[in-house]
Amino acid sequence: MDSISEIEVFIKAVDLGGFTRAAENLGLTPSGVSRIISRLEGRLGVRLLNRTTRSLSLTDEGAVYHEHCTRMLAELEAVNATLARTSVTPRGRLRVDVPIPLADYVVGPALPRFLERYPDVSIDLTVRDRIIDPTAEGVDVVLRLAPTRDSDLVSRKLARARSILVASPGYLTAHGRPRTLASLREHTCIAYLSNTGPLPWRLKGPGGEVTFAARGRLMAGSGNVLTHAALGGLGIIQTYEYHVAEHLSRGELELILEDLEPEPRTVFALFERHKSAVPKVRVFLDFVAELFASRAPLATGRKRR
């Protein structure tokens, strides 16, 4: 087995979290995977992995080696794609990382259409709300609601994400419609619960952006849960318009206090510069740009009173 193949086995074992899963993925035996990695360690003269009967973890040297090898293989893939002139037919496994709301409401529902359009492309979609290092984790494209500060990554703007306040018609009938920021304090407001506590709402007041501490009987770390709570008449939520577009269009939720909406945020695609030449990456970037462009802010389903 050549050095590149040994490195691929090592990366697969790390990324999949063990020899057994790597073996299943590569068509090898777990002992075969173990022997290959031991041979690689012997050739390098360092220990790459800490092994126990229950877990597998990188040593400090292994973490550095994994990061560099992941980058090297990605660059090699890009070069191979260019030299093979595969730009006509995108192919290969594409690794994409998307925040939960974008996965649930925008990207996920559109993936069958993408895969039908490009039958030689496969997708590994991870769904996380935290910032990741795509280079270290072997991810081709990351979608986020923030640009990157990493000079090695390219940020491509995809769409504006409008943050809105909504409630059900039933709730507004029972409790009244807030007209000002002060009156909002008299209502049940359902907050998103993050790892650090409930997230404050950012609203646009007369003097600029202000923060509002939403307080209610329910807090939840899921946009889906907040949406269902609003639909059930439990109170007011702040969410992105694309989360609830269908409910707004059907009149199941109503916009309130539109004059207090903060400036929209921007959805970005983040990727390594050299990957823009990889056909599978290029067509996916074009596809999501087209996808977000087709989701213009709703002009219907908004009820002002």
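User: In which strand is Leu125 found?

Analyst: This is a predicted model, in which local features need pLDDT of at least 70, side-chain atom pairs count only at pLDDT 80 or more, and totals for chains, interfaces and linings use all residues. Residues are numbered from 1 along each chain as its sequence is written, and side-chain values use heavy atoms, with hydrogens and water left out. Helices (H or I, at least four residues) and strands (E, at least two) are DSSP runs, numbered from the N terminus. Leu125 lies in strand S4.

User: Why does Leu125 count as partly exposed?

Analyst: Buried means under 20% relative accessible area, exposed over 50%, and partly exposed in between (1.4 Å probe, protein chains only). Leu125 counts as partly exposed because its relative accessibility is 32%.

User: Which residues touch the most other members of the largest nonpolar core?

Analyst: A nonpolar core is a set of buried Ala, Val, Leu, Ile, Met, Phe, Trp, Tyr and Cys residues joined through side-chain atoms within 4.5 Å. Here the largest has 36 residues, and Leu102, Phe114, Leu143, Leu158, Phe284 and Phe292 touch the most other members. Helix H11 (279-293) is one of the elements that supply at least two residues; H11 gives the most, with nine residues. A second, separate core has 17 residues, including Phe19 and Tyr65.

User: What is Leu143 in contact with, leaving aside neighbours within four places in sequence?

Analyst: Contact means heavy atoms within 4.5 Å. On that basis, the partners of Leu143 include Asp97, Leu102, Leu158, Phe268 and Phe292.
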